[in-house]
Amino acid sequence: MRITSLFSLNAIALDVAASNQEEIIDKVVELQSTHNNILDKEAYKKALYAREEEGSTYVDNGITVPHAKSDVVTRPSLAALRLSSPVQYNPDDDGKTDLLFAIAAPQNGSLHVDMLARMMQMLMNEEFVEQLRTAKTPQAFLDAIDKQEEAQFGSESFTDQSIPQDGFRVLAVTACPNGIAHTYMAAEALTKAGTKLELPVKVETNGSDGAKNILTREEIAACDGIIVAADKNVETARFDGKPVLFTRVDDGIHKPEELILKIVRGEVPIYHSKDKAAGDAPGASDSAAHTVYKHLMNGVSHMLPFVVGGGIMIALAFLLDDYTIDPSNFGMNTPIAAFFKTVGSAAFSYMLPILAGFIAMSIADRPGLAVGFAGGVLAMNGTNFAGLASGETTGISGGFLAALLAGFVAGYVVEFLKKITEKLPASLNGIRPMLIYPLGGILIVGAVMCGINPVMGMINTAMTDWLNALGGTSKVLLGAIVAGMMSVDMGGPCNKAAYVFGTAALASGNYEVMAAVMVGGMVPPLAIALSTTFCPKKWTPDERRNGIVNYVMGLCFVTEGAIPYAAADPLRILPSCVAGAALAGALSMTFGCALRAPHGGIFVFPVVDHALMYVVALAAGSIVGAVILSLLKKTRTE
């Protein structure tokens, strides 16, 4: 526990006018009460006066440290007060006071002594004290304390005693687009950081199997603030009126201590909900690109179960069918194949409307779902005005790209309808979500999609033709690029770009790109696992133990298993994994491997075209990556 963990911006007041000890102590008590750790302010105030009667807390050089321990203090805290003019704090003090640090500590133990000792050691530095006297803002004041403590003590805790806590001071919600790896890695990192800082953190995970460890209303009301580390929208209306820090899920993994300290120090603004039942408002750090990315990933994450479940069933239909019965009806020739093909198609065929619907819902909440879904169906069917004029309801499908466009158009159309109808009489509020949004939204998005579908169809057809026309060197190069991208940031934007491209190719009927994408994502954990097994002297005991887990994660297509290793040694890990993944992707394309499902790891290998050669591609890439990594890593000396 660092001393700066006990401060907050709300507990720092600069250049305050006060003329005597009574006014100063009144102000100090108010500052301490902002920590919400004092059950009875009058009792704490009496404890401060009682300590002054034992002897003045004036130190020297204009510094006074009023302190008290009391059973009305639930957890330790610090407050700082800088006066606009020096004051004679106690009649017998050797000098006047202009800088005060107030300590509040629970009755049991001697935490106040440890806190006082740390503060005194820091305040002996005259240059540091001058920085405190010239700081322009509470943030600059706190930064000066933080910098000085880091310089003198590093990460050393100021006490060996356990710090009492009254519940969870910090809450968090983690969510990544797929809800598989990053969600839980961020939750673990935040929990561990909270334990290290002696600031217990409760984390709600919004994973692929729903929300777990859900934050209660009582916990939200009592906490100092909430961290929302998410790359997709999560329900945040419940946090209205609390400090909420919106950030990326990667920050939850890599910067957990920094995020927690921002909350407890009061550096996070109050969040005001717009009464949405779901979704969030972008934080100050959210760029327009990241906001669009979150909407896109919300659609992709909801689409994947349809693609995975439906795609695997369709693949099983081809595996179980007899091609010689009727080649033109392959996949439907036998009853068992027809069952798998029909049921699988029922899910797979609706992936584009689902994509569009949930992109729109991410933007405009539930009113956007129906509008986006309708736009997605029109995109899937390629419906256009020219066709309708001649009695045809279908045309050239705009595919994945048209569905993306439909989702964003639908979402922002509904947002526009909300804005222009918000001043309608309150008596009409009930018909807005039930009539105006769906009717107006579907009408507008229908007109847009019927008008633009021919263009989107041409683009989609051109992209499909380009992918299908790639042969020889070009196809191998494409496989190497998309597979290598899966290893560049292991779950980050580059990884997701390659994955979405593979899914788009899948929707267009090109299954080879998806095969290269998946094999590229499987290589990094496997390469690391192989290196830790066969070159153990290159790795720490913990890295060797965790390497075994990476075998499982790699075979299950969970690239994120490599992230802890990449974070610790990026200059060696990343080039090795990218090289191995690129080789695997190139070989997959060379062997003509094709995959109809965008997930599953080894569990979908039986339905991969040329499955044996696919295994060879995976093994070759993993081994080459492991060899390069082992050569780059230095042998450790214990």
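This is a predicted model: local features need pLDDT of at least 70, side-chain atom pairs count only at pLDDT 80 or more; totals for chains, interfaces and linings use all residues.
Two packed helices are described by the angle between their axes and the distance between the axes. For helix H3 (residues 111-123) and helix H5 (residues 138-153), the angle is about 95° and the axes lie 10 Å apart. H3 is therefore roughly perpendicular to H5. On the H3 side, the contact involves Arg118, Gln121 and Met122, which meet Ile145, Gln148, Glu149, Gln152 and Phe153 of H5.

Helix H10 (residues 288-320) is built from 33 residues. From first C-alpha to last, H10 reaches 47 Å, close to the 48 Å expected at 1.5 Å a residue. H10 also has a kink of about 35° at methionine 303, shortly before proline 305.

Aromatic rings come together as well, with 8 aromatic pairs in the structure. One of them joins tyrosine 350 and phenylalanine 373, which are stacked, with 6.4 Å centre to centre and 10° between the planes. This pair links distant parts of the chain, 23 residues apart: tyrosine 350 sits in the loop between helix H11 (335-348) and helix H12 (351-364), while phenylalanine 373 belongs to helix H13 (residues 367-381).

Key
Residues are numbered from 1 along each chain as its sequence is written. Side-chain values use heavy atoms; hydrogens and water are left out. Axes are lines fitted to C-alpha atoms, for helices over the stretch in contact, and angles run from 0 to 180 degrees between N-to-C directions. Helices (H or I, at least four residues) and strands (E, at least two) are DSSP runs, numbered from the N terminus. Angles under 35 degrees count as roughly parallel, over 145 as roughly antiparallel, 65 to 115 as roughly perpendicular and the rest as oblique. Contact means heavy atoms within 4.5 Å. The expected span of a helix is 1.5 Å times one less than its number of residues. The bend at a residue is the angle between axes fitted to the seven residues ending there and the seven starting there. Rings of Phe, Tyr and Trp (its six-membered ring) pair if their centres lie within 6.5 Å; planes under 30 degrees apart count as stacked, over 60 as edge-to-face and the rest as tilted.
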